[in-house]
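Work through the exercises below with the sequence and the structure side by side, trying each task before reading its solution.

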Amino acid sequence: MKEKARPSFVGLHGKDLDLWLRTNALAWRLAKVFDLPLVCVEPKRRPNGAGGLCYHDEGRISILLRRKARAYDGGAWSKVPRSWVNVKSTVAHELAHLIHPNHGKDFKALEAEILAETATD
Ligand SMILES: [Zn+2]
């Protein structure tokens with residue numbers, strides 16, 4: 001039996017727990033509203049580069065909350081986390097990839113719809 005993906009917290013800065021809980025709650029709420037096949041949401045393990053990733057086949061998304069100068073060799077964390085507006089737009093983007101693993105027209109339409117739903121979050 002395939003083991004269900006469990007979230008990793010490798011990329012989470014200690015000061016971002018509240019932001020993480022808010023991000024997590026948002027992702028699951030949106031998944032329910034849009035009936036998305038979300039299985040697992042986690043902080044991005046490598047806290048640099050892209051703001052998020054979608055592992056389409058696993059139903060897993062990872063969201064970057066705070067950047068590091070370098071991912072693996074002890075690079076310093078940014079002094080501040082990403083803004084809530086940026087985090088919300090990344091969540092919408094990665095959730096839309098659960099349905100459309102590309103950046104085509106249908107993806108962009110769904111992403112915009114999901115993002116609009118976050119207006120009051
Ligand atoms: Zn993308």
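**Exercise 1.** How many residues lie between β2 and β3 in their hairpin, and which residue in the turn has a positive phi?

Solution. The model is a predicted one, in which local features need pLDDT of at least 70 and side-chain atom pairs count only at pLDDT 80 or more, while totals for chains, interfaces and linings use all residues. Residues are numbered from 1 along each chain as its sequence is written. Helices (H or I, at least four residues) and strands (E, at least two) are DSSP runs, numbered from the N terminus. Between β2 and β3 there are four residues, and Gly59 in the turn has the positive phi, about 70°. These two strands run antiparallel and are joined by four bridges; Tyr55 has Arg60 of β3 as its bridge partner, and Gly52 stands opposite Ile63.

**Exercise 2.** Which residues does Ile114 contact, beyond its neighbours within four places in sequence?

Solution. Counting a contact when C-beta atoms, placed from the backbone, lie within 7 Å, Ile114 touches Leu30, Phe34, Ala92, Leu95 and Ala96.

Technical notes:
Two residues are in contact if their C-beta atoms, placed from the backbone, lie within 7 Å. Two strands pair if DSSP finds at least two bridges between them.
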